[in-house]
Amino acid sequence: MNARVARLKERLLKAEPAIVAERARIATRVFRETESEPAITRRALLFQSIMREITVVIHDDELIVGSLAPSIGGVQLYPEFSSDWIERELDTFDRRQPGLRFIISEETKAELRQDLPYWRGKTVADRAFALMPDTAKRAMKGGMFASVASLLYGIGHIIADYETVLRKGFRGLRAEAEKRLSELSPAAPDFCARRRFLEAVVVCCDAMVEFAHRYAARAEELARSERSPERRVELETISRICKRVPENPASTFWEALQSFWFVHLAIQLEANGVGISPGRFDQYMWPYLEEDMRAGRVTEHQARELLGCLWIKLNEINQAADAFTSELNGPYPSRQNLVLGGQTPDGRDAINRLSYLCLDVTEQLRLHQPSLSLRFHAFTPTEFLKRAVEVLKTGTGLPAFYNDEVIIPGLLSRGIRREDARNYGIVGCTEPSVPGKSQSVPAASKFNLPKCLELALNSGVSPETGEELGPRTGNPTGFSSFDDVMAAFRSQVAYCIEQLVSCENAIDVAHKEVAPLPFLSSIVENCIERCMSIQEGGAVYNFTGPQGVGLANVADSLTAIKKLVYDEKSVTWAELQDALQANFEGYESLRRRLLEAPKYGNDDDYVDSIAREVVRIYASEVEKHRNPRGGMFHAGMFPATSHIALGRRVLATPDGRRAREPFADGISPGQGRDKHGMTAVLNSVLKLDHMMLSNGIVFNQKIHPALLDSEKSLMSFVALLRTYFLGKGMQIQFNVVDGAMLRDAQAHPEKYRDLVVRVAGWSAFFVLLDRSVQDDIIARTEQCRL
């Protein structure tokens, strides 16, 4: 590893996350001063104040500059989105478990206690709850779904139009906004709203340039007092770069990286959206590196060093949330997805030399950000796949693999133009998105499929609370056939999806009314032309995508019911209901028979066909609905870590799972229930209709490192990947790790501080994960044969 980058990494790993009151202070002051102004104007003035006042800091060794907070690991707060949890947990931030803990000084607490009362009743969350119907609130409280991310965070899961910024600079974007402003007719009925939006964009463009110039001045100041001639030259170069970009188009690779980083950082400072993703980084950055290398300005060694510095900066991005959400979504949920490979908009292979350099730097640094993803298509070179698997061998769970042969047709079916579908990136965990053109709420709600089954088996009543949450579908003792069971399940899913949609649409409207984002909107295509923020539907494409959780548990449960109750008639409904109510205590023999029933993940059509039908029921219900931005809902299946939290809301299930135990994650089989090797698992997964899940899936596999310990085994693994994707699998990701080592890391975390594992659609430091998440990863089947 490069010596400079090694020092930066060591400093990063030693940094302790700390709550900083700086941004919250600015937000409170600006909003107090602008209460008579429209929301879009207030947000622009807030962004301007942040860019002018946030602390400018350049750390030793840095070549890419710009920080979220004064200290490495510092975390800003965003009370305009949700503030009650901050007040409630001020005294417990520093008492959380490792990985979710934040240092907070008494001075910071005192300042926040003075400012936070202002936000009561004024936040996005407050407005959303006021808009939600009571049935949706009751459904969410009852565990049907979890919609916490959209309530606590700003708009995220988006890829900004970084390419246009690199090409035009903010001077060019400002000119576009001014030109559009001059074209407006004062007599138009929407003139006032359109004018306000474009004026806000102009303010934000100027503020972005001012922010960069502040860094230029700081670098110049440091250069004057720097004793090292080498570092002085670096600081002087940094100053020149910051004076030039992002105001103007980038002209070198270093300028392009710095311009990208300023934009990426500013998005994080405007709002605390999760999953702000670099997207197709190797595509829009390659022309600058290619030209520099051709002109002899940059060597590959220097390019790797610059990339390493940027990777470190991406790992500095951190966000705070309440304790429950932190447990639901995992520690430090930045989810910055960077995509390599795939196709060009005209259908050619897109791999270039930068694609390989990004793999090299990821392998050397072994950090969890950026969340690296690789796009596969039918003609992806074996050499590139092999290099990706070599990086995967390091055990970080990176990269994850995505299939153009499924995702592109899926996006086309949602009305996305062919050239845009071919240009998709991945945002957040695993969601396909068109860079610079899509605004979606992709990980908005985690939908509890086993809860729907539980309601179907109890005529809409939650056995957890005794409350009637769903429609009355009848006592199962009266179901004469398995078709009746499926009909009851379908009815509960339809009703629960309706409640989820009403909840998500209320949150959508609340964001539009309370916290429009003029800066982010300025770098999303069509917003300036339409004179509308992304929250109003200004983007080219607008989606909302809930995530189904617990597929395998529902499929296995329905299979057990079909086999034992209807096909064999060896168990009565009364016996099964009694066993579930007793959490199988005193019914161990029956539980054993339920566990012995066919299980998804073993290439058994009996259960796999039911899993496919569950996907169809869920996805088809989701697709019926529209959002306030004029777009559609489309389904995905990935849980973050909500399969653990939502599992606690469901009692015993007919697959043999005990009450409150975790569900299976994503579209993966239940923990330890796949018994016939990885090929059998892949065959089961391939029987699902992946194109119905156009908002993404998570398919986790844990493999023993010995499976990749030779050239022959590595090439066999590459061949398996290719076979899976040509069979129309959408996505797959791996932990290449020895379970014994994970158990040792639990016992001796001090020995494994830089052990990174794949959790869900993201990777994280293993020792910082909640114990329940660690246990869940360990419980996944460890594949020792293909």
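**Exercise 1.** In which helix is the place of E89? Then decide whether E89 is buried or exposed, and list its contacts.

*Solution.* The model is predicted: local features need pLDDT of at least 70 and side-chain atom pairs pLDDT 80 or more, while totals for chains, interfaces and linings use all residues. Residues are numbered from 1 along each chain as its sequence is written, and side-chain values use heavy atoms, without hydrogens and water.

Step 1. E89 lies in helix α4, residues 84–89 (helices are DSSP runs of H or I, at least four residues, numbered from the N terminus).

Step 2. Its relative accessible area is 9%. E89 is therefore buried (buried is under 20%, exposed over 50%, partly exposed in between, with a 1.4 Å probe and protein chains only).

Step 3. Leaving out residues up to four places away in sequence, E89 touches R96, D322 and A323 (contact is heavy atoms within 4.5 Å).

**Exercise 2.** Find the loop that holds G121 and classify the exposure of G121.

*Solution.* Step 1. The loop between α5 (106–115) and α6 (124–131) contains G121.

Step 1. With a relative accessible area of 64%, G121 is exposed.

Step 2. From V75, G121 is 46 residues away in sequence and 24 Å away in space, C-alpha to C-alpha.

**Exercise 3.** Describe the contact of α12 with α13.

*Solution.* Step 1. F253, W254, A256, L257 and F260 of α12 meet F281, Y284, M285, Y288, L289 and D292 of α13.

Step 1. These residues divide into 10 nonpolar, no polar and 1 charged (Ala, Val, Leu, Ile, Met, Phe, Trp, Tyr, Cys and Pro are nonpolar; Asp, Glu, Lys and Arg charged; the others, Gly among them, polar).

Notes:
Helix = DSSP H or I, 4+ residues; strand = E, 2+ residues; numbered from the N terminus.
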